[in-house]
Amino acid sequence: MAFNLDLIQKVYEHLPTKVNAAREILGRPLTMTEKILYAHSYDPATKAHERGKDYVNFTPDRVAMQDATAQMALLQFMTCGKDKVAVPSTVHCDHLIQAKIGATEDLATAIDVNKEVYDFLASISNKYDIGFWRPGAGIIHQVVLENYAFPGGMMIGTDSHTPNAGGLGMIAIGVGGADAVDVMAGLPWELKMPKMIGVKLIGKMNGWTSAKDIILKVAGVLTVKGGTGAIVEYFGDGAESLSCTGKGTICNMGAEIGATCSLFAYDTKMGEYLSATNRAEVAKLADGVKDHLRADIEVYNNPESYFDQLIEINLDDLEPYVNGPFTPDLATPISQMAAAVREHNWPDEVEVALIGSCTNSSYEDISRSAFIARNAMDKGLKAKSEFTITPGSEMVRYTIERDGMLATFGELGGIVLANACGPCIGQWSRHVDDPTKKNTIITSFNRNFAKRNDGLASTHAFVASPEIVTALAIAGSLSFNPLKDTLTNDKGEQVMLDEPKGYELPPKGFSVKDAGYQAPAVDGSKVQVQVHPHSDRLELLRPFAPWEGTDLTGMKLLIKAFGKCTTDHISMAGPWLKYRGHLDNISNNMLIGAINAFNMETNTVKNQLTGEYGEVPAVQRVYKAARIGSVVVGDENYGEGSSREHAAMEPRHLGVRAIIVKSFARIHETNLKKQGMLALTFCDKADYEKVLEDDTIDITGLTDFAPGQTLTMVLHHKDGKTEDIKLNQTYNHQQIEWFKAGGALNVIRDNVNKEKK
């Protein structure tokens with residue numbers, strides 16, 4: 001039975017009228033993206049919104065939060081004065097479970113170690129009418145796809161891979177917790193009208209190629225920032241041939257190209273998946289408005305006239321890809337991988353192969369991998385690499401156990417981990433003898449930044465499909481190409497692995513005893529949310545101070561970050577996840593992974609007050625104690641990666657006043673604005689080089705802060721010379737009010753208090 005069926009009925013009831021109105025306003029046929037966006041406008045559109053320029057207010061249908069980000073999101077929501085959430089919302093406990101031994105032991109340990117946090121999340125969900133998915137229920141994005149996503153809907157989620165729901169034709173966007181508070185409080189949610197990238201898929205995949213290879217190739221084409229500010233819409237006969245969960249894989253990893261989200265048009269594959277997951281009513285409703293759940297035919301006939309960028313991929317010719325290391329857009333076709341290993345001197349031995357995660361843990365993924373595992377054993381082969389399997393949900397896990405797949409993996413030597421994020425987000429207690437040794441792992445996950453999975457800079461992490469990962473686990477070699485290479489079996493014979501086969505959906509249907517869902521209390525008014533005043537895991541929030549009303553002067557340069565600086569560099573996950581509900585404690589990881597451009601080291605910056613070098617958070621705490629503001633300078637695509645708003649809240653909490661970079665990743669720029677920070681970019685990117693280690697910095701023009709107006713950074717060098725640097729900003733009137741008030745939450749709180757009076 002579908003959750004919130006009345007909400008879905010309402011969306012579909014009004015969809016035709018809203019789409020027709022949008023078509024009339026724009027005076028042309030519409031993409032599917034435009035249909036959903038205009039149908040979810042907070043106020044009825046009266047004019048066409050300019051892509052990449054106009055800020056637009058939207059009304060998402062629902063909110064989803066994972067346990068790591070939900071803590072801060074709900075701590076913020078508590079302060080805004082609302083009695084319950086205004087839209088259906090859920091919390092999913094998937095990030096805090098560390099992979100160490102195996103599913104049963106690891107889950108039990110997590111429930112014990114994280115009891116305080118789980119109790120907090122369960123009670124606050126109870127109080128504010130939020131659905132709660134217990135630890136072990138599964139990874140947020142797989143659970144959302146199985147239960148909540150619906151074609152033509154719009155949702156936001158406090159995780160960058162929320163776009164996974166695009167596999168069911170939904171605009172689903174990753175955001176920070178403050179954005180979630182807006183929607184849960186019933187306020188409009190703001191987004192710059194996205195540009196649109198069309199990806200036309202022709203032909204049909206065959207053999208070893210899978211949906212994962214489509215997005216791996218797209219990542220190579222667009223790079224990690226090529227999709228920034230855009231929604232990617234897939235279409236064509238090739239798109240229609242993909243399974244619903246395969247579509248989800250592609251949309252999930254669209255986060256790795258910086259895309260706002262990705263989506264596919266509603267088709268029979270989605271209808272079949274809805275029915276298979278006990279939502280036949282939703283499929284029937286979608287069938288009734290199916291023409292409004294895909295682009296107009298004129299768009300498909302002439303796509304170059306409707307998209308800002310168009311990519312075409314012939315699936316007949318597509319081969320498997322292996323992406324990495326250290327970045328998800330370094331794409332290498334499997335036929336060229338052996339040469340690339342030799343050229344770059346990558347470690348060839350695959351020490352660990354990991355399948356699953358929110359990106360690739362569907363029944364189809366697991367069944368194709370299990371086929372390869374059984375085929376290998378039938379031919380006298382065993383896995384040469386350590387091999388782990390992470391089911392995406394309890395429903396998937398229960399079903400693949402029933403169908404014998406977990407037993408197959410166990411026979412091969414695989415270890416089944418908990419239904420959780422685990423190694424994909426750094427929650428992995430990896431067994432290594434020498435942490436400094438260069439080594440290779442390969443995963444079917446989505447990200448492979450340095451230290452992302454196991455915290456080791458020496459680990460070269462590569463990303464591929466579950467099928468390729470399983471084959472390389474058996475071969476134990478990164479150079480192995482299962483399309484043409486042979487392996488030596490236990491009889492000394494040369495054998496080849498057969499092409500993978502699997503099932504899009506379980507032939508005997510999905511099954512589960514306890515999916516792990518806990519409904520909220522009917523009346524949450526009497527529920528008490530307890531946060532112990534001396535807890536080191538949870539801390540109630542205090543409002544940030546408003547802007548002083550003057551230019552910012554006498555600030556110190558905290559760090560000039562060199563090269564890639566993702567949210568993992570700014571606020572690491574892994575062992576730090578336990579502090580996600582305690583802002584002061586987690587601030588001790590602020591920017592400890594960023595490379596200091598002046599000494600090319602991590603977590604060591606100059607304290608301008610003492611002349612000594614120290615850890616980044618410690619130096620910043622000295623500045624804060626002295627009531628001296630500071631500035632962080634960064635490179636291109638600053639804040640790439642996860643949606644974690646802690647990367648914005650930590651600098652704000654410790655007294656950083658401005659982040660000045662060559663360019664921002666979308667979510668991080670928004671998160672900074674929400675927290676009352678200055679997120680600014682160099683007008684001339686070459687000015688990055690002018691910032692020196694001992695600089696004292698002013699930012700002027702703030703008393704006349706207005707949309708489109710440049711600001712000035714004055715660099716006071718140690719030798720007494722000064723330089724004026726022009727800075728761009730993308731603030732609109734509302735975002736400037738956030739800055740002046742000290743953060744968006746302060747504005748929300750004031751508005752709610754006014755309503756109650």
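Glu-34 forms a salt bridge with Arg-51, with the closest N and O atoms 2.8 Å apart. The rule: a side-chain nitrogen of Lys or Arg within 4 Å of a carboxyl oxygen of Asp or Glu. Glu-34 sits in helix 2 (residues 32-39) and Arg-51 in the loop between helix 2 and strand 1 (55-58), so the pair ties together parts 17 residues apart in sequence. Helices (H or I, at least four residues) and strands (E, at least two) are DSSP runs, numbered from the N terminus. Glu-34 and Arg-51 are both buried. Buried means under 20% relative accessible area, exposed over 50%, partly exposed in between, with a 1.4 Å probe and protein chains only.

A word on the source. This is a predicted model, where local features need pLDDT of at least 70, side-chain atom pairs count only at pLDDT 80 or more, and totals for chains, interfaces and linings use all residues. Residues are numbered from 1 along each chain as its sequence is written, and side-chain values use heavy atoms, leaving out hydrogens and water.

How many salt bridges does the rule give? The count is 37. Another one pairs Asp-635 with Lys-662, 3.3 Å from N to O. Asp-635 is buried, and so is Lys-662. Shared partners also join Arg-28, Glu-34, Arg-51 and Asp-308 into one network of salt bridges.

Now the sheet. Strand 15 (residues 386-390) has four of its five residues buried. Strand 14 (residues 350-356) runs parallel to strand 15, joined by five bridges. Strands pair if DSSP finds at least two bridges between them. Val-352 stands opposite Glu-386.
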